[in-house]
Amino acid sequence: DAAAKPKKAPAKPRASKKRAPIVEPGSAGIAASEALEGPQPAAFTAACERIVAVGGVIAGRYREPLGGFWVALAVLPITAVEATPYQRELSPAHAERLAMVIPKVGRFLDPIVAVPAGTGPGFQSPNGMHRLAAMRRLGARAITALVVPEPEIAFRILALNTEKAHNLRDKSLE
């Protein structure tokens, strides 16, 4: 029959995406009441000493809620922090947009992540290159950071940087 519609090809099965395991809410990690308790490992103590040695201050210390690892909330001299060398390239357009928005808010409310640098006294940021560049552009003398004592986290944290690739509009601005 010529008037019959052609049959559609059967849909291809979609590749299954790996998903995070689903667990019962409230069944993992530490309780909020445990965030300030427990012994601080030597590596954390050394990272805190490094914060002070570079002229920074420790605003708080806590255990992050999922793994219970110690983190320092610190304010570091901006000159003591560099972006890790293996991140994607800096987008000047993105850094410029951040530098325009931060003053509108009037506050810097999104701390970078920092780890002790392998060499030298300072820190490296595996997550915060654009915020760091924007704050430098604004002339900031210091930057707020979540300091993680284990330098190897700098490599693992890249998996958390799931920001989508720049779209055509962003690329044209660059």
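**Chain and sheet**

I read the elements from the N terminus on as α-β-β-β-α-β-β-α-β-α-α, where helices (H or I, at least four residues) and strands (E, at least two) are DSSP runs numbered from the N terminus. The chain holds 5 helices and 6 strands. I noted that this is a predicted model, in which local features need pLDDT of at least 70 and side-chain atom pairs count only at pLDDT 80 or more, while totals for chains, interfaces and linings use all residues. Residues are numbered from 1 along each chain as its sequence is written, and side-chain values use heavy atoms, with hydrogens and water left out.

For the chain totals, I found that buried residues make up 32% of the 174 residues; buried means under 20% relative accessible area, exposed over 50% and partly exposed in between, with a 1.4 Å probe and protein chains only. Among contacts (heavy atoms within 4.5 Å) between residues at least 6 apart in sequence, 74% join residues at least 24 apart.

In what order do the strands of the open sheet lie? I read β1-β2-β6-β4-β5-β3, an open sheet of 6 strands with mixed pairing, two strands being paired if DSSP finds at least two bridges between them. At the edges are β1 (57-63) and β3 (81-83), each of which pairs on one side only. The twist from one strand to the next averages 35 degrees; axes here are lines fitted to C-alpha atoms, for helices over the stretch in contact, and angles run from 0 to 180 degrees between N-to-C directions.

I then looked at the helices against the sheet: α1 packs on it and touches β1, β2, β4, β5 (123-127) and β6, with its direction at about 15 degrees to that of β2. Helix α3 (residues 129-137) also packs on the sheet, touching β3, β4, β5 and β6, and its direction makes about 130 degrees with that of β3.

**Strand β4**

I next followed β4, where 5 of the 5 residues are buried, so the strand is largely enclosed by the rest of the structure. Ile-112, Ala-114 and Pro-116 point one way, Val-113 and Val-115 the other. Strand β4 (residues 112-116) runs parallel to β6 (residues 142-147) and is joined to it by 3 bridges; Ile-112 has Ala-145 as its bridge partner, and Ala-114 stands opposite Val-147. Towards β5 there are also 3 bridges, but here the strands run antiparallel, with Val-113 partnered by Asn-127. β4 and β5 form a hairpin with 6 residues between them, and in its turn Gly-120 has a positive phi of about 85 degrees.

**Cores**

Which residues touch the most other members of the largest nonpolar core? I listed Ile-51, Leu-76, Val-81, Phe-123, Ile-143 and Val-147, out of 24 residues; such a core is a set of buried Ala, Val, Leu, Ile, Met, Phe, Trp, Tyr and Cys residues joined through side-chain atoms within 4.5 Å. The elements giving two or more residues to this core are α1, β2, α2 (92-105), β4, α3 and β6. A second, separate core of 6 residues includes Val-113, Val-148, Ile-153 and Ile-157. For Val-81, leaving aside neighbours within four places in sequence, I noted contacts with Leu-76, Ile-112, Phe-123, Ser-125, Leu-132, Arg-136 and Ile-143.

In α2, I found Ala-93, His-94, Ala-95, Ala-99 and Ile-102 buried. Gly-106 follows α2 and has a positive phi, near 85 degrees.

In α1, I looked up Ala-46, which is partly exposed, with a relative accessible area of 42%. The C-alpha atoms of Ala-46 and Pro-149 are separated by 7.8 Å, although these residues are 103 apart along the chain.

**Ring pair**

I counted 1 aromatic pair, taking rings of Phe, Tyr and Trp (its six-membered ring) as paired if their centres lie within 6.5 Å, with planes under 30 degrees apart counted as stacked, over 60 as edge-to-face and the rest as tilted. The ring centres of Phe-44 and Trp-70 are 5.6 Å apart and the planes are at 35 degrees, so the pair is tilted. The pair links distant parts of the chain, Phe-44 in helix α1 (residues 42-53) and Trp-70 in strand β2 (residues 70-77), 26 residues apart. Both Phe-44 and Trp-70 are buried.
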